[in-house]
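Please read them alongside the coordinates.

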Amino acid sequence: MPSDQDAGQTPDGESGSGTSAEPESGGVGGSVSEDAEPTSQPASSDDAAASAPSGRDDEENSGDGPGLDATAELDAADAEGPGSEAAKPAAVPAPAGEAEAAGQDADEDGSSESAESTPSGTGTRIDDAARTAPAKGKESADAKSDAAAGEAAPKRAVDQPTAVFKAPRRPSVDQPTTALKVPPAPRSKPEPKAEPSKPEPKADVPRSSTFVPLRADDVRNPAEVKSQAAAPAAATPSAPASLTEAERTKQQPMPPLPPLDLLAELTNTPPPPQTPVRTVFRRIKIWTPLVLLLLVVFAVVQAVRPLPNPSLALSAEPTFTFKGGPLSLPWPDEGQGAVEVEGVGSIGTYGAQQPAPIASVAKTMTAYVILRDHPISGKEVGQKITVDQQAEDESKNDDESTAQISMGQQFTEKQMLQLLMIPSGNNAARLLARWDSKSEAEFVKKMNDAAKDLGMTNSTYTDPSGLKATTVSTPQDQLKLAKAVMQNDVFRDIVNTTMTTIPGIDGNIRNNNDKALLLDGVGGIKTGSSTPAGGNLLWSANVEVDGKVRRIVGITMGAQKAAILNDKLDLAIDYSIKVIQAAQAGVTSATVVKKGDVVGYVDNGLGGRTAVIATKDLKAVGWGGLKVEIALSDSGKTLPHSAKAGAVVGQVSVGTGTGKVTAPVALQQDLMEPGLGDKLTRLG
């Protein structure tokens, strides 16, 4: 039987099928020149479709992997002959490890049938017996090294078709060199440095948000994976472009997803269903940072805001009631009237308290307007006033009270006020009105304006003397006027005079109220009598309380229980004297605040309070049953934010008006400036 070497030669020394001493072909059975690069031609689509199923079936049945498919292709090529297209080897060689394993099995059998099974012109081929025989014995050292080198090769993709040819194996060390002639391996050129490849455009595949699990047929066969790992990197065929594109686009790109859906996509776990509890926790997670941020902003704003101004507040009772029953005064059984302690309050009233004619009591408003527009005090006497003819003519009227003055006489302002208030001259009132204003009517308007300014809302003046019955007022309104006009010392001096003399006037001038004025502490203001008005007396009296003189003012109106007009006036004076004496006896004093009593506190504006105490006893004027007001003030000074104990910060007062009494107040303990904690805990 001819040997393997002789079977492949022709008489002229050339190889009939591609095996010769000088290799020229890059196929499986032939040799390749050193300069020529192996060329590959992919199998047609029909051949690939026909070979793919058989290769997987053979691989699964035999356990030898892709080597069986390659042998079947070689047999088909031998049958067609060396010149046919089918005899050309495929571009993708079989893994070298499998080829060597198959060749080693053939060598170990040692039969010549292995050599004879290689037809002429096909190169080295593994016969069917060698392909189907199981591996025996241990692998050679070369096979192990080749397997190790194959592990470094890239793994074949799942969908990559099985290679149809196996690379020519190298003869083992113990195999005779005459049995198989292996062409030298082509000299590989150094590969150029790989440049960064541009990313290929992604296939226009519709995105899907659902998770696509792996199919069962995508999992590799362990035997296949092992055989591919054993193949050298150089022998691994490159996959066709269509299969590579399919492998690259098989994993669909994922669109942007919400966090929960993305987590479900990655973990193949659906997002948890929404429940009220989860909703509450989610809202807590969202709102908690916002609330904390607001708290931080609030704390910063509170810390840098300016301190509010401190203020004084009263902690004691706002009123004090004098002990004893209410003061009872001997009120007349006719007319109307009222009594009041100046600066303290009203002792009481009686009668209708309705507007009524006041007669010559109206001259009090005339004096008030003259002193307001032409003020004098102390020893001043004021301007000189010349008597006109009208004043002289009116002095001769017998039906009214007049002053005996003549035309051309000059009297000072004070003298004219004496003629007005002491003898109650009506002609003196009209002369003063014409001197002060252009006419009596204009002066009357001033009188009514002054009444409004004093709060005399129930009073109407129609003439300067009060002779007219249309000039009316009430007891309360007249007490308002009395308290105002009695502030002028010149006026007080005039009305308290029982008798006086004036140059140019014959005789002494007697006060019509001398009966009351002769009593201790009684001062007259003005009498008035007329048929419509009856007897009237606006009076004042003094009382000394705790070494200080207090003024009492009162009025008696409408005394009518007398036969003649002068008796009606005397009756009004008698009524007034009884009331004056009872009032003087009833007015007293009481200690409202004692030294060291806590009367209030300093509020720092942020909730902090520091007590203040009175620095001395405080007595108030009053009478039994009277309620007086207690107040605490800062005396117009700005309170400090901090101060030592004992510092005076204000005053406590009892009563109102001119009768108000006061005492300083001081800090009971140190006043501390508010700290950061006070700012954070108080919004005010």
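1. Contact here means heavy atoms within 4.5 Å. The model is predicted. Leaving aside residues up to four places away in sequence, glycine 524 touches Val495, Asn496, Asn513, Leu517, Leu538 and Ser540.

2. Glycine 524 belongs to strand β11, residues 522–530. Its relative accessibility is 2%, and the cut-off for buried is under 20%, so glycine 524 counts as buried. Between glycine 524 and aspartate 514 the C-alpha to C-alpha distance is 8.1 Å, at a separation of 10 residues in sequence.

3. Seven strands make up an open sheet in the order β1-β15-β16-β20-β19-β18-β2, and the pairing is antiparallel. At its edges are β1 (311–314) and β2 (319–321), each of which pairs on one side only. Ignoring direction, neighbouring strands of this sheet are turned by 30 degrees against each other on average.

4. Strand β2 is joined to β18 (residues 627–633) by three bridges, and the two run antiparallel. Opposite phenylalanine 320 stands valine 628 in β18.

5. Two aromatic pairs turn up in a search of the whole structure. One of them is formed by phenylalanine 320 and phenylalanine 322, with 5.4 Å centre to centre and 75 degrees between the planes, an edge-to-face arrangement. Phenylalanine 322 has 4% relative accessibility and therefore counts as buried.

6. How is helix α12 (residues 363–373) placed, enclosed or open? Nine of its 11 residues are buried, so α12 is largely enclosed by the rest of the structure. The buried residues of α12 include Lys363, Met365, Tyr368 and Leu371.

Definitions and conventions
Residues numbered from 1 in each chain as written. Predicted model: local features only at pLDDT ≥ 70, side-chain atom pairs only at ≥ 80, totals over all residues. Heavy atoms only, no water. Phe/Tyr/Trp six-rings, centres within 6.5 Å; stacked < 30°, edge-to-face > 60°. Buried < 20%, exposed > 50% of the residue type's maximum accessible area, 1.4 Å probe, protein only. Helix = DSSP H or I, 4+ residues; strand = E, 2+ residues; numbered from the N terminus. Pairing = 2+ DSSP bridges. Axes fitted to C-alpha atoms, helices over the stretch in contact; angles between N-to-C directions.
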